[in-house]
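Me: Please pick one part of this structure and take me through it closely. Keep it brisk, and spell out the cut-offs as you go.

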Amino acid sequence: MNYEQQTIKEKYITLKTIILDFKKVLVAFSGGVDSTFLLKTAIELLGNECVLAVTAISATTSRQERHDAFKYAEVFGVEHAVIDSGELDIPEFVQNPPNKCYICKKHRFGKIVEIARQKGLDVVVDGENADDLLDFRPGSLAAKELGIRSPLREAGLTKQEIRNLSKEFGLPSWNKPSFACLASRIPYHESITVEKLNRVDEGEEFLRNLGFLPQLRVRHHENMARIELDNKDIRKLIQDDIRLRIMQYFKSLGFGFVAIDLEGYNMGSLNREIDKDK
């Protein structure tokens, strides 16, 4: 089916048809834009009693994502379970190979599928959207192998369309930045540690509190922090008072060097190393 020729209304009708085919559903719920919209839609169509939200957390989860997942689930009044995903206990994941997302998702979704089985739920769904097909996402293969459904992607809904529908339906997540797993900030083959993840999380939270929005990343290159911001914010960052505050704070986190990427924010910028090797 050529989704590009469909209107957002037609895609939304397709999404509803997919979800209504389920009787009871477990939503893998991160608190992000996509899974929040998916959870709310499932609740509206199936009822709270037929929906379970499950959030998997670890040191790879940003504090903002944790906060939002708890807040939205409470506002929606849906049953919400939280599990420790435990991927940092897997040596292969900690070694940070290019397929680390596959390793993580296979482990994480394996736990979630087991919860669905125990609860007698028909299906597990995640928030993958149509745009995710354009990026390097080995975790998608793990989800497929475990039988996870991705209704947003199946309906052809893009990230912007999901934002538009979320705004139309009054969801507070409609303009929320994309956060992604904190492990995505560490270059491939550099080991993933709790200390590095905490530095990234603290650094990004500090930048957000300074007013750098909506999208930003702190990439952890061994002893250096490489900051990616929206291009409009780069000029603001190099103002002396802000620059000094950022430099001092990041060095207090343990970084020896602090750099700004003049190209600005780029989703999945660390995947360029993979592309070079192809």
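**A loop residue and its surroundings**

Reply: Start with S62. Leaving aside neighbours within four places in sequence, S62 is in contact with F179, L182 and D201. Contact means heavy atoms within 4.5 Å. This is a predicted model, where local features need pLDDT of at least 70, side-chain atom pairs count only at pLDDT 80 or more, and totals for chains, interfaces and linings use all residues. Residues are numbered from 1 along each chain as its sequence is written, and side-chain values use heavy atoms, with hydrogens and water left out.

Where does S62 sit? Its place is the loop between β2 (51–57) and α3 (63–76). Helices (H or I, at least four residues) and strands (E, at least two) are DSSP runs, numbered from the N terminus. S62 counts as buried because its relative accessibility is 1%. Buried means under 20% relative accessible area, exposed over 50%, and partly exposed in between (1.4 Å probe, protein chains only). The S62 side chain also reaches the backbone nitrogen of E65, at 3.2 Å. That falls under polar contacts: N or O atoms within 3.5 Å, where, within protein, one must be able to donate a hydrogen and the other to accept it, and residues adjacent in sequence count only if both atoms are side-chain atoms.

E65 leads on to charged partners. E65, D68, K71 and K176 are linked in a network of salt bridges. A salt bridge here is a side-chain nitrogen of Lys or Arg within 4 Å of a carboxyl oxygen of Asp or Glu. Side chains of opposite charge can pair when their charged atoms come close. Take D68 and K176: their closest N and O atoms are 2.8 Å apart. This pair links distant parts of the chain, with D68 in helix α3 and K176 in the loop between α8 (159–168) and α9 (194–209), 108 residues apart. Both D68 and K176 are buried. The whole structure holds 21 salt bridges.

β2 pairs with β1 (residues 25–28) in the parallel sense over four bridges. Two strands pair if DSSP finds at least two bridges between them. L26 has L52 as its bridge partner in β2. From β1 the chain crosses through helix α2 (residues 33–46) to β2, and this β-α-β crossover is right-handed. That label applies if, with the strands pointing away from the viewer, the path from the first strand over the helix to the second runs clockwise.

β2 also has β3 (residues 79–84) as a parallel partner, over six bridges. Here V54 is bridged to A81 in β3. β2, α3 and β3 make another β-α-β unit, and this one is right-handed too.

Last, the packing. In soluble globular proteins, nonpolar side chains tend to be buried together. The largest nonpolar core has 31 residues, and V27 and V51 are among those with the most contacts inside it. Such a core is a set of buried Ala, Val, Leu, Ile, Met, Phe, Trp, Tyr and Cys residues joined through side-chain atoms within 4.5 Å. Elements that each supply at least two of its residues include β1, β2 and α3. α2 gives the most, with seven residues.
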